[in-house]
Amino acid sequence: MIGVHAARWAALTALAAVLAASGCGIRPTGIVDAGNPPFARGYADTITVYLVRGGMLRPVTRPGIPGRPYLAVEQLHVPTTPRERTVGLHTEVHRALTVQAVNEGLGSTFERPWPLAVQQIDRSMSPGWSRTAIAQIACTAEAVPGIEGVILVGASNTGDGGGTPVSCRQFADLLP
Amino acid sequence: MASILFIEDDPSARVALELALTRQGHGVTSRASGEDGLEALRARRPEIAILDVMLPGIDGIEVCRRIRRTDPLPVILLTARGDDLDIVLGLEAGADDYVVKPVEPRVLDARIRAVLRRADQTRLDRSVHGDLVIDRSSLKVTKADKDLRLTPTELRLLLELTRRPGQALTRQHLLSEVWEHTYPGDSRLVDACVQRVRAKIEDEPAEPRLIETVRGFGYRFAPP
Amino acid sequence: MIGLRLRLTAAFTAVALLAALLASGISYVLLRRVMLHRAQYTVLTDVRKTLTRQVPDELPPDVTPLIGAQLEDALEAVPGRKAAAVPMRLDGGVNLPPRNKLDVPVSTEFAMRAMRKLVFQRVIRDGTPYLLVGTRLDGYVTTSEEPQRTVPPMVYVSASLSRESADLRLLTNALVVADALALGSAIVLALLATRGVLRPVRRLGVAARALGDGDLETRVEVRGRGELADLARTFNDTADALERTVTELRVMEAASRRFVADVSHELRTPLTSMIAATDVLAEQAATGADGDGDGGAARLVADETRRLGLLVEHLIEISRFDAGAAVLVLDDVNVLDAVAATLAARGWRERVTVDGPADLFVRLDPRRFDVVLANLAGNALKHGRPPVSLRFARADRAGVEGVEVVVTDRGPGLPDDLIAVVFDRFVKAEAARSRSDGSGLGLSIARENAVLHGGTLEAANDPDGGAMFTLWLPAGPEEDHA
């Protein structure tokens, strides 16, 4: 009889222990592996960036990023890659640019293709773009599908918020 | 001295007791069976009947019951078994007293005389308790102008109780006064006799008012 | 019966509660696992898909902050999630995301593990559970020179699990309510069920009590099979056997009683004739002129016949006690009156001094009381020396009201070897005595009478010399004094 009682109590105690151990609510875990890292398989069109070699503009392709159509313009200020440097390419744009398609908030109504508004991110400093730099900006922007013409905001001669429209065609002399 | 009807089936007991009672001065008519006895009762008109309980044919208790139906004749039961059942049945049948065999003739004689003894007749008075009238000189009891037929024992019990109205009397006192038992005796005699008297004098025998039971003591006559 | 019912109910309820708790516990655990798995799977799949879709295998240079911001935006699209993209270090070290960027801090170990695999960890912070996910990207192309410019960043995501937590709380509440309901209905069911189960047991109990109270014809219905039916059958068998035995005993007892009654009748009737006849003979002899010698002989026969009658009477009385046929005829008796009557009837009034209250009433059988008193007084007068005294008084024993009667004499007292056996049958003080007046049963009958009253009768020697008999009788049932 005592044995039966003891066994019964042992079973009950064990059950209570199990229930207590499983606990209530969400309990923390250790660090758990959940498979291999994801593969980078994003698709993006390559971008064309106009760099400079011997005063002349040279188009170069770089990989793009999904959802960044104007990445090419934003890439202008980035130091050239080692491979581009070995073929003598460099860029005349030295400060980061920000771009905005003008249909998206400048109040004007443009039909596609529309121009791209470009300005320097750091507006406290004068851009001081050289002609070559402006040519780089204009041609790189116009290489993006659906873009025709560039409006440079905060260019050296204005500074009053107005924009200076430029086009790659104006720099035909710099193109090969 | 008294004419006795003695019913006893055992011949030697009958002869011996008849002899002994005759010597005590009684006139004894003895019979061997209840049937013969009842016949003799009508023929001889005895003053008292002494009945053996165990009789062939109708037994002594039945004889007693039949006598009681018509006659206030005193009855003494003679029982050989001393069984309580016999005694209870006998008292319920209306026996005035009982003796257990073997009985000494002198004891039996004393019981006979006690049962037969009429109440003290020297006191001449007449008491009225509601519609119950007790005439001590003529020893007559009437209720609502009708004569009540009481046996001598019942009459003595009633007289004893009414002699001191309102006073409680113990059963043992009544036993020695009415039945003249010298030994402390069987209170059932008193109880049975009180029941019989109540049946005759009370309006509602089940709810007695004249003879009250005093619990833990005895009985009391309570005049209305 | 109550205890068994309570225990059965408790056991039943405990089992039901246990089952309910077990069921709800298991379902809780399972549901929690499923819920967390799904939540984790969603987050991990989101992260994996977002990274795979948003990060191309080859990156333009120096876009780490750019793509990081873009990834953070995409990963934070779901409410409750925060993401942090940090540049991957190629020197074996790790960059940790800035504090407060995520809801939970990232440990170095976690970051190290995230360098190799997609990892996650559940963390509780301020009572809220979070899922922390960390990973790098794989399968990208980079350049051998300046590789760090084109390496995709590592990503950490913290996803709040507060919704799951709230769901689990809801589930817990529901389970608690369900368990409480289960407990309640278990108790009700247990009470009903135990009543059903215990009904046969209760029936058996009632039957056993009835049997114990003397209803020997009690049987229980045997229904179905199993232990209870076996028990019922056994009970019935036992009751059968008991009834048989008791019936036999009763038959035997009735036979023995009838025998006693018959014997007494058969002995008493001839004794009646003998006593009556010898009485007549003795009187005739005493008064008649038949001769001188005959009177003595007749008297002798008469005395002996009377003694024989007494002996028979005592034997019958004793056998009635043995057969259990003796009954009390109770009356309310004044003790002093009863004592006086007993002594007066036997002519002992002058020889015994009586001392006791005059107003002491006791409920007892006056005839049997007389027998006891006569025996004690007679014994003292016969075997002791005067003065014989009889004292009585109210005396309570063990809380029971009663009366005590003490009879003492001034004789030599009882021999020591006699005290123990003085109430045994046919024990006489002077064994050598050839002739005794008594039957040798007087004290036995006295004792039996005392016991029949529920009282006691004891013999002892008075310290002052002489025998002392003490009778104690209860005053009678309480209600009779009301």
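In the predicted model, 33 residues of chain B are in contact with 35 residues of chain C, two residues being in contact if their C-beta atoms, placed from the backbone, lie within 7 Å. On the side of chain B that touches chain C, α1 (11–23) and α7 (171–178) each supply at least two residues. The greatest contribution to that side is made by α1(B), with seven residues. By residue class, this side of chain B comprises 13 nonpolar, nine polar and 11 charged residues (Ala, Val, Leu, Ile, Met, Phe, Trp, Tyr, Cys and Pro count as nonpolar, Asp, Glu, Lys and Arg as charged, and the others, Gly among them, as polar). Residues are numbered from 1 along each chain as its sequence is written, and chains are lettered from A and ligands numbered from 1 in the order in which they are written. As the model is a predicted one, local features need pLDDT of at least 70 and side-chain atom pairs count only at pLDDT 80 or more, whereas totals for chains, interfaces and linings use all residues.

The contact between chains A and C takes 32 residues from chain A and 47 residues from chain C. On the side of chain A that touches chain C, α1 (2–22) and β1 (32–33) of chain A each supply at least two residues. The residues of this side of chain A divide into 19 nonpolar, 10 polar and three charged. Strand β1(A) also pairs with strand β2 (residues 119–125) of chain C, in the antiparallel sense and over two bridges; strands are taken to pair if DSSP finds at least two bridges between them. Within this pairing, A:D33 lies opposite C:V119 of β2(C).

Chain B contains eight helices and 12 strands, where helices (H or I, at least four residues) and strands (E, at least two) are DSSP runs, numbered from the N terminus. Of the 224 residues in chain B, 45% are buried; a residue is buried if 20 or more other C-beta atoms lie within 10 Å of its own, exposed if 12 or fewer, and partly exposed in between, with C-beta atoms placed from the backbone. Among contacts in chain B with a separation of 6 or more, 55% involve residues 24 or more positions apart.

An unreviewed UniProt entry lists B:D52 for "modified residue: 4-aspartylphosphate"; such annotations may be inferred rather than shown by experiment. B:D52 belongs to strand β3 (residues 48–52) of chain B. This residue is buried because 26 other C-beta atoms lie within 10 Å. Not counting residues up to four places away in sequence, B:D52 touches B:I7, B:E8, B:D9, B:G60 and B:L78.

In helix α3 (residues 60–70) of chain B, the buried residues are B:G60, B:I61, B:V63, B:C64 and B:I67. They cover an arc of only 155° around the axis, which puts them on the same side of α3(B); the arc is that of the directions from the helix axis to the C-beta atoms. An α-helix has 3.6 residues a turn, so residues three or four places apart point the same way. B:R69 and B:T70, on the other side of α3(B), are exposed. The packing partners of the buried residues of α3(B) are β1 (3–7), α2 (34–44), β3, β4 (75–79) and α4 (84–93) of chain B.

Chain B also has an open, antiparallel sheet of four strands in the order β6-β7-β8-β9. Its edge strands, β6 (126–129) and β9 (146–147) of chain B, each pair on one side only. Strands β7 (residues 132–135) and β8 (residues 140–143) of chain B run antiparallel and are joined by four bridges, with B:V133 opposite B:T142 of β8(B).

In chain C, strand β11 (residues 467–474) is largely enclosed by the rest of the structure, because seven of its eight residues are buried. Strand β9 (residues 402–408) of chain C pairs with β11(C) in the antiparallel sense over seven bridges, and C:V405 has C:L471 as its bridge partner in β11(C). Strand β10 (residues 456–461) of chain C is also antiparallel to β11(C), with six bridges between them, and C:A460 is the bridge partner of C:M468 in β11(C). The hairpin of β10(C) and β11(C) has five residues between the strands, and C:G465 there takes a positive phi near 100°.

The largest nonpolar core has 75 residues, and those with the most contacts inside it are A:V118 and C:L132; a nonpolar core is a set of buried Ala, Val, Leu, Ile, Met, Phe, Trp, Tyr and Cys residues joined through C-beta atoms within 7 Å. A second, separate core of 73 residues includes B:Y98, B:L161, B:V190 and C:V280.
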